Amino acid sequence: IAKPNNNTELFSDHEKWMARALEEAWKGVGLTSPNPAVGAVIVKNGEELGAGYHRKAGLPHAEREAIADVVARHREDALKGATIYVTLEPCSTAGRTPACTDGILENGIVRVVYGAVDPNPDHAGAADTVLKAKGVEVHSGVLEKECERLLRPFAKRITTGLPWVIAKTAMSLDGRITRPPSEGQWLTSPESREIVHQLRARVDAIIVGGKTVRRDNPRLTLRSEQSSAEKEQPWRVVLTYSGRESLPQDFHLFTDEHKERTLIYQDKPLDEVLRNLAEKGCNSVLLECGGKLMRQFAEAELIDEYQLFYAPIITGGEDFGFGLGDHFKSSLKLKEVSSQSIGQDTLIQGVVER
Ligand code: AOF
Ligand code: ZN
């Protein structure tokens with residue numbers, strides 16, 4: 001379907017600048033919980049005047065970061081008559097920080113283009129009314145899908161009280177998560193393990209079972225270059241039936257410099273654990289557990305996204321990545337599926353259809 005001719009220019013321009021705003025927003029992924037990752041760009045006469053992203057809850061929102069960037073690089077009145085592109089609808093009430101709609105109005109910005117409506121019921125859709133009443137032109141829904149994708153973890157928590165759950169498993173082609181005992185512990189290549197580290201930097205908590213802890217004595221930490229003053233170490237969550245005493249007290253999780261970021265849940269329903277993590281401000285969690293626990297999360301319909309790393313080996317053995325047992329009531333179906341080569345491995349990603 002052809003777009004209306006006279007709009008083609010404007011439309012593609014909006015998308016171009018929104019793509020820039022998304023680029024800014026991505027810098028904040030993993031840093032902003034319980035807030036969303038948001039990016040903004042300010043444009044006038046076809047030129048970028050400044051940009052910014054939300055860095056941390058309690059710090060200025062993306063819009064105010066971008067405004068401050070323009071003021072730092074140009075004169076303050078450069079903002080008069082400008083357009084702001086923001087991945088999320090600007091907030092219209094004060095929270096930890098003042099309302100962004102006020103910042104937009106005070107600085108003489110005349111046009112607001114945003115991607116996704118704020119899933120936060122305090123704001124959802126309110127910006128349009130507030131801004132239009134003061135004569136600001138508002139466009140919404142530009143690159144909406146991409147903007148919503150970025151917001152998913154926040155949207156899930158704020159609308160359901162549960163975090164966005166990513167299940168990560170490294171497996172042999174026959175679906176096993178351990179190798180013959182005479183071989184090393186790793187199934188996948190160093191390249192895949194690097195991707196897993198990047199994944200950890202995007203989430204707020206990592207969940208494993210007691211069995212994995214006993215077997216691997218994992219650290220579940222970010223690499224030093226990924227952690228910073230801004231990025232807190234994700235919570236390291238251990239689910240156990242037999243309690244903390246059953247886990248070796250000299251293990252990394254209990255002795256290293258992040259030991260206060262280790263949480264133990266004993267005998268708790270999985271949704272209760274997730275709810276509790278959401279209450280602590282987690283928008284997203286990563287499951288790095290073994291087959292049995294992974295299966296329980298899947299059966300309880302708590303998994304939102306899969307990241308499956310397949311190593312080009314066939315191992316046999318008993319440790320299936322998704323546990324053993326009867327069929328599920330019905331298959332989980334994935335959408336937005338992609339596959340890519342990572343070193344020798346194949347990564348298959350997908351989002352669970354609900
Ligand atoms: C952000 N960053 O760039 C935008 C947000 O407590 P506050 O003041 O930080 O407000 C958080 C809410 O503001 C958040 O739930 C979301 O609805 C809205 N927009 N939040 O953290 C941003 N634009
Ligand atoms: Zn705001």
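The following paragraphs go through the structure from its overall dimensions to single residues.

The model is predicted: local features need pLDDT of at least 70, side-chain atom pairs count only at pLDDT 80 or more, and totals for chains, interfaces and linings use all residues. Residues are numbered from 1 along each chain as its sequence is written, while chains are lettered from A and ligands numbered from 1 in the order in which they are written.

The secondary structure of the protein comes to 10 helices and 13 strands; helices (H or I, at least four residues) and strands (E, at least two) are DSSP runs, numbered from the N terminus. The radius of gyration is 23 Å, close to the 20 Å that the globule rule gives for 354 residues, so the protein is as compact as a globular protein of that length. This radius is taken over C-alpha atoms, and the globule rule is 2.2 Å times the number of residues to the power 0.38. Along the principal axes, the C-alpha atoms fill a box of roughly 70 × 45 × 35 Å. Buried residues make up 40% of the 354 residues. A residue is buried if 20 or more other C-beta atoms lie within 10 Å of its own, exposed if 12 or fewer, and partly exposed in between, with C-beta atoms placed from the backbone. Of the contacts with a separation of 6 or more, 74% are between residues 24 or more positions apart; two residues are in contact if their C-beta atoms, placed from the backbone, lie within 7 Å.

The peptide bond from Ser33 to Pro34 is cis, with omega near 5°. Strand β1 (residues 39-44) then runs antiparallel to β2, and six bridges join them; two strands pair if DSSP finds at least two bridges between them. Lys44 stands opposite Glu47 in β2. Two residues lie between the strands of this hairpin, where Asn45 takes a positive phi near 50°. Strand β2 (residues 47-53) is mostly covered, with five of its seven residues buried.

Helix α2 (residues 62-73) has 12 residues and reaches 16 Å from its first C-alpha to its last, close to the 16 Å expected at 1.5 Å a residue. The expected span is 1.5 Å times one less than the number of residues. The buried residues of α2 are Ala62, Glu63, Arg64, Glu65, Ala66, Ile67 and Val70.

Strand β3 (residues 83-88) includes Thr83. Thr83 has 20 other C-beta atoms within 10 Å and is therefore buried. Leaving aside neighbours within four places in sequence, Thr83 is in contact with Val43, Lys44, Arg111 and Val113. Its C-alpha atom is separated by 9.8 Å from that of Val136, 53 residues apart along the chain.

Ligand 1 is surrounded by 18 residues, of which the closest are Asn35, Val38, His61, Gly95 and Asn120. A residue is near a molecule or strand if its C-beta atom, placed from the backbone, lies within 6 Å of it. The shell divides into eight nonpolar, eight polar and two charged residues. In this scheme Ala, Val, Leu, Ile, Met, Phe, Trp, Tyr, Cys and Pro count as nonpolar, Asp, Glu, Lys and Arg as charged, and the others, Gly among them, as polar.

Leu143 is found in the loop between β5 (137-140) and α5 (144-160). Although it is not a glycine, Leu143 has a positive phi of about 50°. Leu143 is buried, with 23 other C-beta atoms within 10 Å.

In strand β7 (residues 205-209), five of the five residues are buried, so the strand is largely enclosed by the rest of the structure. Ala205, Ile207 and Gly209 lie on one side and Ile206 and Val208 on the other. Strand β7 pairs in the parallel sense with β8 (residues 235-240) over five bridges, and Val208 stands opposite Val238 in β8. Strand β7 also pairs in the parallel sense with β10 (residues 284-287), over three bridges; there the bridge partner of Ile207 is Leu287.

The loop between α7 (210-216) and β8 holds Thr221. With 20 C-beta neighbours inside 10 Å, Thr221 counts as buried. Apart from neighbours within four places in sequence, Thr221 is in contact with Gln233 and His258.

Finally, Glu336 is found in strand β12 (residues 334-342). Its phi is near 50°, a positive value in a residue other than glycine. Glu336 is exposed, with 12 other C-beta atoms within 10 Å.
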